[in-house]
Amino acid sequence: MMIKKLHLKNWQTHLNTKLDFSKGVNGILGSMGSGKTCIMEAICFALYNAFPAISERRIKIEDVIMNVPSKKKETEVELEFNKDGHDYYIKRVIKEGKGTAHSEIRKDGKLLEAPQAKRVTEVVEKIIKVDYATFSQV
């Protein structure tokens with residue numbers, strides 16, 4: 001599996017961040033508080049609709065919606081990756097008061113599953129052959 005792109009809208013400290021990844025090792029550099037951890041959490045969330053701070057109930061899912069410098073009503077995470085020669089696209093939307101309001105996964109542009117978060121996660125696990133527990137430990 002190779003992650004190709006990540007797009008964050010109103011995700012914690014990221015108003016509108018677009019990241020393109022290249023083949024090989026990619027580094028994320030920045031000062032403390034610049035949002036490096038948020039990027040890793042967003043990748044995990046895109047794949048599994050969770051990341052450790054949510055699973056361990058240290059934060060609520062809606063806490064990832066940007067609130068500084070102004071409070072937003074929703075956040076979106078879009079992730080593109082390639083696996084076995086196929087391009088996959090995942091989108092998850094969290095809305096204030098609703099939690100994960102929309103999830104979808106596409107393979108080569110064709111919709112595989114939507115809008116239920118759990119079903120999208122199940123499809124992801126089948127594709128990448130790694131469950132959330134294993135991924136979050138690595």
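A residue is called buried when its relative accessible area is under 20% and exposed when that area is over 50%, with partly exposed residues in between, as computed with a 1.4 Å probe on protein chains only. The structure is a predicted model, in which local features need pLDDT of at least 70 and side-chain atom pairs count only at pLDDT 80 or more, whereas totals for chains, interfaces and linings use all residues. Residues are numbered from 1 along each chain as its sequence is written, and side-chain values use heavy atoms, with hydrogens and water left out.

Helices (H or I, at least four residues) and strands (E, at least two) are taken as DSSP runs and numbered from the N terminus, and two strands are said to pair if DSSP finds at least two bridges between them. In these terms the model contains an open sheet of six strands in the order E2-E1-E3-E4-E5-E6, with antiparallel pairing. Strand E2 (14-20) and strand E6 (110-113) stand at the edges with a single partner strand each, so one side of each is left without a neighbour in the sheet. On average, neighbouring strands of this sheet are turned by 15° against each other, direction ignored, where axes are lines fitted to C-alpha atoms (for helices over the stretch in contact) and angles between N-to-C directions run from 0 to 180 degrees.

Within the sheet, strand E3 (residues 74-83) is largely enclosed by the rest of the structure, because seven of its ten residues are buried. Strand E3 pairs in the antiparallel sense with strand E1 (residues 2-11) over seven bridges, and here Ile3 stands opposite Phe81. Strand E3 is also joined to strand E4 (residues 86-95), again antiparallel, by ten bridges, with Glu74 opposite Lys95. The hairpin of E3 and E4 has two residues between the strands, and in this hairpin Asp84 takes a positive phi near 55°.

The twelve residues of H3 reach 17 Å from the first C-alpha to the last, close to the 16 Å expected at 1.5 Å a residue, the expected span being 1.5 Å times one less than the number of residues. The buried residues of H3 are Ala117, Val120, Thr121, Val124, Ile127 and Ile128. Seen down the axis of H3, these buried residues fall within an arc of 120°, so they line one face of the helix; the arc is that of the directions from the helix axis to the C-beta atoms. The face of H3 turned away from this buried side carries the exposed residues Lys118 and Lys126. Among the elements that cover the buried residues of H3 are H1, E3, E4, E5 and E6, contact being defined as heavy atoms within 4.5 Å.

Helix H1 (residues 36-48) lies across E1, E2, E3, E4 and E5 and runs at about 105° to E1. Helix H1 is mostly covered, with ten of its 13 residues buried, including Cys38, Glu41, Phe45 and Tyr48. Just after H1, Asn49 takes a positive phi of about 60°, and at 17% relative accessibility Asn49 counts as buried.

A nonpolar core is a set of buried Ala, Val, Leu, Ile, Met, Phe, Trp, Tyr and Cys residues joined through side-chain atoms within 4.5 Å. The largest such core has 32 residues, and those with the most contacts inside it are Leu6, Trp11, Phe45, Leu47, Phe51, Val77 and Phe81. The elements that give two or more residues to this core are E1, H1, helix H2 (52-55), E3, E4 and H3, and H1 gives the most, with nine residues. When residues up to four places away in sequence are not counted, Phe45 touches Trp11, Ala50, Phe51, Ile54, Ile61, Val77, Arg92, Ile94 and Thr100.

Cis peptide bonds were also identified in the model. The bond from Val68 to Pro69 is cis, with omega near 10°, and Pro69 has its place in the loop between H2 and E3. A cis peptide bond also joins Ala114 and Pro115, with omega about -10°, and Pro115 is found in the loop between E6 and H3.
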